[in-house]
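User: Please take a close look at one part of this model for me. I want the details of a single residue first, then its wider setting.

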Amino acid sequence: MEIPNITRHLQVPVAPDQAYTKFVYEINEWWPKAYTWSGEKLLNLRIHPAVNGLCTETGPYEFRCDWGRVIFLTEGESIAFLWQIGPDRMPEPDPDKASEVFLHFFKESDQKTRIDFGHRHFARHGQKGGLYREAMNNPEGWDFILDKFVQYCSA
């Protein structure tokens with residue numbers, strides 16, 4: 001079953017290397033806590049910026065949950081990672097059942113970056129893949145999350 005990708009094109013008022021740094025290295029600062037398992041008790045959200053690097057959440061009492069793995073990286077320009085969160089919002093340890101998120105950062109000017117964002121391969125999530133795509137492709141899904149990133153870059 002073919003499920004369409006989610007795509008978004010964003011602009012942020014910082015240089016591409018800064019936008020990349022803010023997304024990858026500062027994700028803990030802007031990612032909405034309500035969109036984590038730990039909520040307000042979140043200690044750290046991290047993307048380890050290397051191929052096979054883990055995307056992790058650390059919560060109370062150092063509880064750690066891996067929610068993805070980096071599969072492609074060009075420092076300062078592009079990143080792709082497995083989205084190992086299932087349609088029921090539970091961690092999905094099997095990478096064959098994970099969708100993929102990717103971002104490409106393009107210079108528009110010295111202080112403006114265009115970001116091409118995508119979330120693809122929803123069919124890997126099984127029968128609920130289409131519903132999962134719908135949930136992530138609405139105002140409370142990626143639009144909300146990415147708006148938090150744009151706000152962070154604009155502050």
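User: Where is S78 found, is it buried or exposed, and what is it in contact with?

Analyst: Keep in mind that this is a predicted model. S78 sits in strand β5, which covers residues 78-83. Its relative accessibility is 10%. The cut-off for buried is under 20%, so S78 counts as buried. Its side chain makes a polar contact with the side chain of H104, at 2.8 Å.

L103 leads on to the core. The largest nonpolar core has 35 residues. L103 is among those with the most contacts inside it, along with F23, I47, W67, F81, W83 and W142. Helix α4 (residues 142-154) supplies the largest share of this core, with five residues. In soluble globular proteins, nonpolar side chains tend to be buried together. Take I47 as one example from the core. Leaving out neighbours within four places in sequence, I47 touches F23, V24, I27, L54, C55, W67, V70, I79 and F81.

W83 leads on to the pocket. The largest pocket holds about 300 Å³ of space. Its lining counts 17 residues, and W83 is one of those nearest the centre, with Y35, I85, R89 and M136. By class, 12 lining residues are nonpolar, two are polar and three are charged. Helix α3 (residues 129-136) gives the most to this lining, with three residues.

Definitions and conventions: Residues numbered from 1 in each chain as written. Predicted model: local features only at pLDDT ≥ 70, side-chain atom pairs only at ≥ 80, totals over all residues. Heavy atoms only, no water. Helix = DSSP H or I, 4+ residues; strand = E, 2+ residues; numbered from the N terminus. Buried < 20%, exposed > 50% of the residue type's maximum accessible area, 1.4 Å probe, protein only. Polar contact = N/O pair within 3.5 Å; in protein donor to acceptor, adjacent residues only side chain to side chain. Core = buried A, V, L, I, M, F, W, Y, C linked by side-chain atoms within 4.5 Å. Contact = heavy atoms within 4.5 Å. 1 Å grid on protein atoms, 1.4 Å probe; cavity = no way out; pocket = protein on both sides within 12 Å on 5 of 7 lines; lining within 4 Å. Points joined across faces, edges and corners; volume = space filled by probe spheres on them. Nonpolar A, V, L, I, M, F, W, Y, C, P; charged D, E, K, R; others polar.
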